[in-house]
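Me: I am new to this structure and would like a close look at one part of it, the aromatic side chains and what surrounds them. Please take it slowly and keep it plain.

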Amino acid sequence: MSIQLPKSPVASPSNIAKKPPQLYRHFVQWLPPLSLLAPSGIWLLLLLLLPTLIILQLSLVKDIRPGDLVNPNGLDNYLRILEPLYLRVIFNSLFLAINTTIICLIVGFPVAYWIAQMSPKRWRTLLLLGFVLPLWTSSLLRSYAWITILRPTGLLNSLLTSIGLPALELLNRTPAVLIGMSYSLLPYMVLVLYASLEKLDRRLLEAAADLGANPVQTFLKVTVPQVFPGIAAGSLLVFITALGDFIDPELLGGASSMTAARLVYNQFLGATQNWGFGSALSMTLILVVSIALAVAYRSRSVPKA
């Protein structure tokens, strides 16, 4: 008795046509998400990636001006940044950005906590709207309003002299810049912190109190670890925005508060017209922001108590 093995199906042209190649199946699978990402991807490519590459190319050209040929030839512009004068400008920008972030965090945290945990729920939306309202006006108008308040004959000094206190010299100084920047960026900090504090688990606060923790210990070991992602996100948002702020240092700080953003403006649109050095400064700011983002990404997890 002979044993007949089952015959393997013959690959006919019709069967081959019914089975699309694996590459084609992968293409069909990724086509819907790619079509959704295409508009934003093209937008980022044209308005972010390509301009950044152009700035990088210009930063490698020494003393280039409008109309000159672009011929990258070295790192002279980056070495120029290491001069004491320009290092002082960069450190001043970092000083203003860091202090603005600290001020916004110290002032914004209690406000966000009160709105998220202590205020009536029916008023929370209205209270948040009150913090967002200043963002609906032009930052230029807000800066001019602070000039009116802080100038020697302004509202603040008039109030101080009327009650017998000495007038303050704030305008065209670092304190005026910090006041203007903190006022402009405080709503961002409050909104980000509110989103985290709204999810705060109050049962852990009650458990900490039952176990004998005082309010300071409860805040440091229970509240802060829960809302640390919001603190990091809000601080990073304020720091990056403050680092690139141009209007407040220009109008409220005067010549005594030169920042990297103002220096970049002078290199492109000022009297010096040195696009190469301005591009190198821009790339340096991008590097600083990238480092801040990397640090925030590495510390995105909630710290252990």
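Is Phe268 buried, partly exposed or exposed, and what is its relative accessible area?

Reply: A word on the source comes first: this is a predicted model. Phe268 is partly exposed, and its relative accessible area is 22%. The cut-off matters here, because buried means under 20%.

The structure holds 5 aromatic pairs. One of them is edge-to-face and joins Phe109 and Phe219, with 5.5 Å from centre to centre and 90° between the planes. Phe109 belongs to helix 4 (residues 84-118) and Phe219 to helix 10 (residues 215-243), so this pair ties together parts that are 110 residues apart in sequence. Phe109 counts as buried, at 9% relative accessibility. Phe219, in turn, is partly exposed, with a relative accessible area of 34%. The partner of Phe268 is Trp275: the ring centres are 5.8 Å apart and the planes stand at 40°, so the pair is tilted. The tilted class applies because planes under 30 degrees apart count as stacked and those over 60 as edge-to-face. Trp275 also counts as partly exposed, at 28% relative accessibility.

Arg80 lies over the face of Phe277, at 4.3 Å from the ring centre.

Helix 4, which carries Phe109, also contains Ala112. Ala112 counts as buried, with a relative accessibility of 0%. Leaving aside residues up to four places away in sequence, Ala112 touches Val190, Leu193, Tyr194 and Leu197. Leu127 is 15 residues from Ala112 along the chain, and the C-alpha atoms of these two are separated by 9.9 Å.

A search of the whole structure finds 1 cavity of 30 Å³ or more. The largest cavity has a volume of about 30 Å³. Its lining is made up of Ser93, Leu96, Met181, Ala242, Leu243, Asp245, Pro249 and Thr259. Helix 4 and helix 10 are the elements that give two or more residues to this lining. By type, the lining residues of the largest cavity divide into 5 nonpolar, 2 polar and 1 charged.

To return to the request, Phe268 is partly exposed and forms a tilted pair with Trp275. Helix 4 and helix 10 are linked by the pair of Phe109 and Phe219, and both give residues to the lining of the largest cavity.

Note on methods
Residues are numbered from 1 along each chain as its sequence is written. This is a predicted model: local features need pLDDT of at least 70, side-chain atom pairs count only at pLDDT 80 or more; totals for chains, interfaces and linings use all residues. Side-chain values use heavy atoms; hydrogens and water are left out. Rings of Phe, Tyr and Trp (its six-membered ring) pair if their centres lie within 6.5 Å; planes under 30 degrees apart count as stacked, over 60 as edge-to-face and the rest as tilted. Helices (H or I, at least four residues) and strands (E, at least two) are DSSP runs, numbered from the N terminus. Buried means under 20% relative accessible area, exposed over 50%, partly exposed in between (1.4 Å probe, protein chains only). A charge sits over a ring if NZ of Lys or CZ of Arg is within 6 Å of the ring centre and within 35 degrees of the ring normal. On a 1 Å grid over the protein atoms alone, a cavity is a set of points where a 1.4 Å probe fits but cannot get out, and a pocket is an open set with protein on both sides within 12 Å along at least five of seven lines; lining residues have an atom within 4 Å of a point. Grid points are joined across faces, edges and corners, and a volume is the space filled by probe spheres set on the points. Ala, Val, Leu, Ile, Met, Phe, Trp, Tyr, Cys and Pro count as nonpolar, Asp, Glu, Lys and Arg as charged, and the others, Gly among them, as polar. Contact means heavy atoms within 4.5 Å.
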